[in-house]
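I opened this entry to look up how the two chains of the model meet and how the copies are related.

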Number of protein chains: 2
Amino acid sequence: NSGAFQQVRFTLNSTLRPVEVAHLLEKSPPKERQILWNLIHPENEGKVLQYLADDIQADILSKMDADRLLAITETLDTDDVADVLQQLPERITRELLQIMDQQNRERIEEILAYPEDTAGGLMNTDTVTIRPDITVETCLRYIRRHNEIPEMTDSLFVVSRKKNSYIGTLPLTKLLVSDPEITIREIMNTDIKPIPADMPDDKVASLFEKHDLVSAPVINKSGKLLGRITIDDVVDVIREDADHSLMSMAGLDEDEDTFAPLLKTTRRRAVWLGINLLTALLASSVIGLFQDTIDKVVALAVLMPIVASMGGIAGSQTLTLMIRGQALGHVERSNARWLLNRELLVSLLNGIIWAGVVAAVSMVWFSSQTIGIVIGLAIVINLIVGALAGTLLPLVLKAWGIDPALAGSVLLTTITDVVGFFAFLGLATYFYG
Amino acid sequence: NSGAFQQVRFTLNSTLRPVEVAHLLEKSPPKERQILWNLIHPENEGKVLQYLADDIQADILSKMDADRLLAITETLDTDDVADVLQQLPERITRELLQIMDQQNRERIEEILAYPEDTAGGLMNTDTVTIRPDITVETCLRYIRRHNEIPEMTDSLFVVSRKKNSYIGTLPLTKLLVSDPEITIREIMNTDIKPIPADMPDDKVASLFEKHDLVSAPVINKSGKLLGRITIDDVVDVIREDADHSLMSMAGLDEDEDTFAPLLKTTRRRAVWLGINLLTALLASSVIGLFQDTIDKVVALAVLMPIVASMGGIAGSQTLTLMIRGQALGHVERSNARWLLNRELLVSLLNGIIWAGVVAAVSMVWFSSQTIGIVIGLAIVINLIVGALAGTLLPLVLKAWGIDPALAGSVLLTTITDVVGFFAFLGLATYFYG
């Protein structure tokens, strides 16, 4: 068994890359994860840590003392240290910063000044900078003096001599094909605006997608170059944003650890079940209003879930389309009316088609024309209400600063359940009353 | 008005980048989209087209004749031409290939030989290649002879003189810091394996994420360099994969045009509603079995949606977590049992908590202890079934080659509805019978 451990230890520290070890930890249940973590050499811990999902990172960090934390931060790039510190309680962060050497502390405090979900929080400080007035030849000679250039460097940044102000970008591909005699100023790129450090990370991501960037300069308010953002960090933002809608619609967090321990999971899920229980109780109380009618016509109890379910499904389709449209930046005030109209018409058409089918089935099943008419009308009403709610909820919630992906689905189901039961049983009471 | 048109035409063709024009088209309803498209200069059409979502691209292409299509393909890179051709009916693709010049045709046929969702379908042919036996200095001189190097070139590919076989990769950053006298063979990178052209695109994406790549070489079966994949195309794959789960769970397609016209949308949605109607009818038929019991105790009709809803919500959380876990590569046969156990325990614990609450509410509401016991037991049963279905469905569906994101949610709701109603009404029949 000790031989097997040696084997695993060797694989973790010598065969696999840190990102692969992180993936292995992420797909391991808690006990195995702890065993694997303990087999990682201290000098590799930091590298592995930075690739772990936030949830798991925070969990591992919370078990370390300050000395161990400090040792880890010494193996990492500045931006990654900042990421790690952001997972820690503020008291411990301050303690750590105090025992760091001054240069490191200043750099990290600069990054920590910006929230994690801004350009400043994403950036790294490993830029290669040059002056605008040197020639291509001088620039090439200057670069050759480096032992190595940081990974993901596709461009050098041109800065002023005095205040380190950002002036332009010089792609390596341009440097390589330019006349050696020419100055950097003549060939540098000034098309792409530098990124202000307080820009939200989703805006950064769309800039990268729009301009097919590999790296981009980040500046502070006075135009000083602070660092750069690289595409690998942007890819993480894109993936997390996309996961956010999926997970939120089920009341889950996008950082959620697939293998979170039992009690933590139970607690989180309990809240979501509780919220949805309120919804269900509201729907039940609507049904409660019509007990006399159901007592008279028991078929109503048999058919009523169909009305609620059809409205919920149609509404969810609209809601999902809207939430994705908002995430992609497609949905705006100017085209919301067009979408609302189309969704209403889609629901009207599909309402008529499927209301007809359900009405026919119900008439045959319960040998009653009235019940067919009642359920048909109720389905058309509920599908239209589903389209209304599915279109308007995301717009209203976003305007109120509430996340539509998180609150939208609960509210939508509440509306389609309540309206569905009310319309169906209300119409039945009218017809059978 | 004509002045306004001139203004828009100028903005579309001179101010905005093609990717921004594409985004503008994507967020415009059909009529505005058509007007905007007509204002784009023919020489810009191709560039804009390649950034459009597949659905919209296919729609626009379907309205063009062969001459216009040929003109467009002449303004595009080979891989983008291949992408466009893949949106066209095969008859038209063949026609177009016949009127192209031979060199273009051969290149494009090479790409078209690979499905769109493989490395071959993603790749571009604009590689810069060098021989292993030249020196760094010769290499730099050779590169300076280019007028420009293709965008996103972070590496040169080293190939054999004879068969153009891939040998290694030379990052530009390494080229720039290396001794001019040294040969390429001594400094090239052979760590990263070249990508076989038939590798699925999601595998390509995880390779890029794992190794923080900007570009990577693609080879055929005999090791010949065919082209390269760049991170911008990989980002599209990542975004589409992430969108896929969200959209599929609502029965939508990830390529779905937010502003698809009325009839197209109605037709697609009708199918999904129809499938869900079958589910609802099945649930209703279960209720139908217990009409006598409901007739005796009408409170059952009031409370029964709660049981189905709680099971559905709990099951959806498990299902979403599993589907995301599968997408991230976290869920495997080896850890599925751990997940199943945890999900069952979560449901048991939450079942006991919320069953207690619902039981108490029901007892007070209907002044009956029996109804409280019945609904409490039914909720615990349905939550456990929800956890079972939410965990096992994605595993089974995936093993059968069915997309869990698409089929999972319908099947899950069917199960939690049927079991919920059956358990609740069945227990009631037993207790009240």
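**Interface of chains A and B**

I looked first for salt bridges, counted where a side-chain nitrogen of Lys or Arg lies within 4 Å of a carboxyl oxygen of Asp or Glu, and the rule finds seven of them across the interface of chain B and chain A. In one salt bridge that I noted, the side chains of A:Arg269 and B:Glu343 meet at 2.8 Å, N to O.

This is a predicted model, in which local features need pLDDT of at least 70 and side-chain atom pairs count only at pLDDT 80 or more, while totals for chains, interfaces and linings use all residues. Residues are numbered from 1 along each chain as its sequence is written, chains are lettered from A in the order in which they are written, and side-chain values use heavy atoms, with hydrogens and water left out.

Taking contact as heavy atoms within 4.5 Å, I found 115 residues of chain B in contact with 116 residues of chain A. The buried area (accessible area, 1.4 Å probe, lost on putting the two parts together and summed over both) is about 10500 Å², and carbon and sulfur atoms give 67% of it. On the side of chain B, B:Leu176, B:Gln317 and B:Arg324 lose the most area to chain A, together 8% of what that side buries.

**Relation of the copies**
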